[in-house]
Amino acid sequence: MKDIQTTANGAFAGSALSGSASVATNSSGPGCPPNLDLLSRGAEVITPLLQTLETLRDTVLARARESDSAMSRKLVSLAKQTGSFEASVTLVGQFRAGKTALVNVLSGRPGLLPEDGSALTPVVTELHVNARQASRRTRALFRFFDPGDRDRMMRDTAHRHLSADVEALSGKSHKFSYVDRELIGRYLCAGDADHQQLNPQCQQGKFADITRSAEIWLDVPQLPGSYLFRDTPGVNDTFPMREQVTHQALRGAKVCVVVLSAHEALNTTDLALIRLISSSESRQLVLFVNRIDELDTPSEQVAGIYESIHKTLRPYGRLRDVKVVFGSARWAEMALRGARPERDDAGKTALSDWARNCDVGADPRNMAHLWKLSGIPELMRCINERIVEGSGARHLAAMRGRLANIAAARAARKALVSGRDTAGRLAAVDPEQLRGDLDAVVSRARQKLEETLSRLEGELAPALTQVQQDYVLRATDALTGHLCKTGTDDSWTFNSSGLRLVLRTTCDRFSARARAQVETVFYCAASDLRAVCAGALGPAVGGFRIEPPQVPKAPPPVVMGKTITITLRRSWWRRWWLRGRNPATLAAGYRSLIEAGIGSATDDLKQSQVIDLSREIRRIFDDFLAEQTATVLDLAKQQPEGGDLGALRANVVATIRPGKASGSDPEVDPDPGELRKAVGGY
C-alpha cells in the first residue's frame with residue numbers, strides 16, 4: 001500500500017490506494033535505462049551558463065556565511081533565486097505525432113508517461129528534472145478541475161467512474177512521494193468502465209476525467225542543469241478542451257518544440273498549429289520531424305519534407321529561419337535502453353539508409369551512433385542555444401543586477417565605517433524621518449507605475465476595440481458573399497490573416513511602449529531611493545548605486561493563431577434559406593457569433609498582454625522596492641556602538657575578508673564589488 005495525500009489550500013490525509021512497485025526517481029533505480037549518459041550530448045552549449053550560475057550561487061552562499069544577519073538574508077535569498085533557474089521547454093503538436101514519447105526520452109524515462117491512444121485526458125503534464133527546490137516528499141502532484149471547469153459530458157463520465165466522490169474531489173489535488181506507470185495511469189490514461197466492472201482492482205483512468213494538470217519530479221544527474229519539459233494535448237483531437245489547454249500552455253513557453261510526423265509533416269492541422277505559434281519569435285521555436293524510422297528511404301525523403309516545410313513557412317516572416325531537426329524518438333528510446341536495432345525488422349532498413357546519409361556507422365552495438373541518428377543530440381543543442389540566448393540570459397542579467405545592488409550596499413557600509421564624519425552624521429539620522437522619506441518615495445513610485453500601466457491599458461484597449469469593430473464588418477461581408485455562392489455548406493471559416501497581422505502590429509507597438517515606459521519608472525525609483533540614501537548618510541555613500549530591476553518580457557500573443565469558424569448547420573438558418581431570405585440579412589443574424597469569435601481573441605490579448613504582464617511587473621517592482629528600502633534602513637543602522645568606530649570598521653573588514661587580522665592595513669582591502677567577478681567569464 002502506498003500513501004496518498006489530498007490537498008486543497010493545505011493538506012489532509014486521504015485513503016491509501018494499492019499499486020505496483022514504483023519506479024525510482026533517481027538515476028540508478030529500477031526501471032531506469034542503462035545508457036543515460038547519452039543525455040549529456042548536446043549540453044556543451046548550456047554548460048557555461050550553468051557553471052556561471054553555480055559559481056555565483058556558491059560564492060554568494062560563502063559570503064552569506066561570513067556576513068551579519070541582515071546581509072546574510074539578502075545573500076541567501078539571492079543564492080536561492082540564482083539556483084532556481086529551470087530551462088522551460090514546451091512540446092506541442094498533433095495527436096500521435098510522438099510528443100509524449102519525445103518528452104519521455106528527453107527526461108531520460110522512456111515509457112513513463114502514457115503514449116499514443118492511452119492518454120486521452122486533456123492534461124498538461126510537467127516533468128521537472130533536477131529541480132533544486134523540489135521536495136523529496138513530493139514526486140507526483142495531480143490537480144483536479146474546479147467545479148464548472150468541465151462540460152457536462154465529462155462530468156457525467158467522471159460520475160460513472162467516481163460516483164459521489166467527484167464533487168468532493170473538485171478543486172483538490174493528490175500528491176505522492178513516488179511515481180510509476182501505474183500511478184500515472186490512474187490520472188492520465190483512458191479508463192474502460194466495462195473492464196473496471198469486471199476487474200474492480202483495475203485503477204487505470206480512475207481520476208482521468210477530472211484531472212486538470214500533472215507535475216512529476218525526477219532526478220537525472222546525467223542531464224546537466226534543471227529542466228521543465230511540458231507535454232501538451234494533441235491539437236487535432238475532437239475534444240475542444242485539448243486545444244484550449246494547449247493555447248494556455250503556450251502563453252508562458254520559453255522554448256517551444258513543435259513535433260511533426262514525417263508521414264504528414266505540415267498538413268492542414270499542422271498549419272493551424274503553425275498559425276498558432278506564428279506570433280512567436282523564430283528563436284523561440286524548433287521544429288522536430290519525428291518518426292523518420294517509419295520512412296522507406298529517409299535519406300531521400302527528408303530532403304523533400306524539408307523543402308516542403310520551408311516553402312510553407314515562407315509567408316510567415318517570423319518563421320522563415322526556424323530550425324528544423326529530423327529524428328526518431330523510437331531510435332532514441334532504443335539507444336537509452338540498449339536495444340539492438342538489427343532485431344527491429346520494421347526499422348532497420350530505414351536506420352541503415354539514414355546512417356549512410358549522416359555519415360554515421362550503423363553499428364548495432366554502438367548506442368552512441370544510434371543516439372546521434374535519433375536526432376536528439378541536435379535537438380537538445382538547439383533547445384539549449386535558445387535557452388542560453390533567451391530565458392537563461394534574462395535570468396543571469398537579473399541576478400547580476402541584484403548582485404550589483406548587494407555589492408554596492410557592502411561598499412557603502414565600508415565607506416560609512418571608514419568615514420571621518422560618519423559617527424556624527426549617523427547619530428543625527430532620525431530613523432522615523434528616514435523611513436517616512438523612503439515610504440514617500442515608494443508611494444510616489446507605485447503611483448507612477450499605476451499611472452503608467454493605466455495609460456498603457458487605455459491606449460491598447462481602444463485600439464483592440466477598433467480592430468474588432470473593423471473586422472466584424474469585414475467578416476460579416478465575407479460571410480454574406482459566401483452565402484451567396486454556396487448556401488448549403490455546413491460551416492464557414494473566416495480568413496483571419498489580415499486580422500492577425502493588425503493584432504500582431506498592435507501588440508508589438510504596445511510591448512515596445514510598455515517596456516520603455518516601465519523601464520523609466522523603474523530607473524526613476526532607483527534614482528530616488530539613492531538620493532534619499534545620499535541625503536541622509538552624506539558623502540560617504542556618494543558612490544552608492546541602485547540598479548533597477550529588469551522589465552519582464554511580454555508573452556507571445558498565441559491566441560492570434562486561433563481560427564474563427566461559424567457553424568451554419570442550424571434549423572432556423574435552413575428555414576430562412578428555403579424561404580429565399582436575403583443572404584445579407586442572414587449574415588447579420590450570425591453577426592453576434594462573429595463578434596464573439598473575434599472578441600474572444602481581443603479579450604485574450606488584453607488578459608495576456610495587459611493584465612498578466614501588469615501583474616508580473618507589479619510583483620517585480622514591489623520586491624525591488626522592499627529590498628532596497630530595507631538596504632537603506634540597514635545602512636542607517638551602522639552607527640558605532642559606544643563611539644568605537646575603529647572596532648566596527650575592523651569587524652566589517654573581517655567580514656569582507658575572513659581570516660585577515662583586524663589591524664591590517666585597510667588600504668589593501670579588496671574592492672567590495674568583488675562579488676561581481678563570480679559572473680565574470682561568461
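These legends describe close-up views of strands and helices in a predicted model.

**View 1. Strand β9 is mostly covered.** Strand β9 spans residues 255–261. Seven of its seven residues are buried. In a regular strand, side chains alternate between the two faces of the sheet. Both faces of β9 are covered. Val255, Val257, Val259 and Ser261 are buried on one side. Cys256, Val258 and Leu260 are buried on the other.

**View 2. Strands β3 and β9 pair in the parallel sense.** Strand β3 covers residues 87–93. Five bridges join β3 and β9.

**View 3. Strands β9 and β10 run parallel.** Strand β10 takes in residues 285–290. Six bridges join it to β9. Cysteine 256 has leucine 285 of β10 as its bridge partner. Valine 257 has valine 286 of β10.

**View 4. Strand β10 is largely enclosed by the rest of the structure.** The reason is burial: six of the six residues of β10 are buried, so the strand is largely enclosed. Leu285, Leu287 and Val289 point one way. Val286, Phe288 and Asn290 point the other way. Both sets are buried.

**View 5. Strands β10 and β11 run parallel.** Four bridges join the two strands. Strand β11 covers residues 323–326. Phenylalanine 288 finds its bridge partner in β11 at valine 325. Phe288 itself is buried, and it points the way that Val286 and Asn290 do.

**View 6. Helix α12 has buried residues covered by several elements.** Helix α12 runs through residues 348–358. Its buried residues are Ala350, Leu351, Asp353, Trp354 and Ala355. What covers them includes helix α10 (298–313), strand β11, helix α11 and helix α13 (367–373). Aspartate 359 follows α12. The phi of this aspartate is positive, near 55°.

**View 7. Helices α3 and α11 pack at an angle of about 30°.** Helix α3 covers residues 99–106, and helix α11 covers residues 329–337. Their axes are 9 Å apart. Angles under 35 degrees count as roughly parallel, and α3 and α11 are therefore roughly parallel to each other. Their crossing is left-handed. From α3 come Ala101, Leu102 and Val105. They meet Ala329, Ala332, Glu333 and Leu336 of α11. By class, the contact of α3 with α11 holds six nonpolar residues, no polar ones and one charged.

**View 8. Helices α1 and α14 pack at an angle of about 25°.** Helix α1 spans residues 47–66, and helix α14 spans residues 376–418. The axes lie 11 Å apart. The two helices are therefore roughly parallel to each other. α1 passes α14 in a left-handed crossing. On the α1 side, the contact uses Leu49, Thr52, Leu53, Leu56, Val60 and Arg63. On the α14 side, Val388, Gly392, His395, Leu396, Met399, Leu403 and Arg410 take part. The contact of α1 with α14 has eight nonpolar, three polar and two charged residues.

Methods. Residues are numbered from 1 along each chain as its sequence is written. This is a predicted model: local features need pLDDT of at least 70, side-chain atom pairs count only at pLDDT 80 or more; totals for chains, interfaces and linings use all residues. Side-chain values use heavy atoms; hydrogens and water are left out. Axes are lines fitted to C-alpha atoms, for helices over the stretch in contact, and angles run from 0 to 180 degrees between N-to-C directions. Angles under 35 degrees count as roughly parallel, over 145 as roughly antiparallel, 65 to 115 as roughly perpendicular and the rest as oblique. A crossing is left-handed if the near helix is turned anticlockwise from the far one by less than a right angle, and right-handed if clockwise. Contact means heavy atoms within 4.5 Å. Ala, Val, Leu, Ile, Met, Phe, Trp, Tyr, Cys and Pro count as nonpolar, Asp, Glu, Lys and Arg as charged, and the others, Gly among them, as polar. Buried means under 20% relative accessible area, exposed over 50%, partly exposed in between (1.4 Å probe, protein chains only). Two strands pair if DSSP finds at least two bridges between them.
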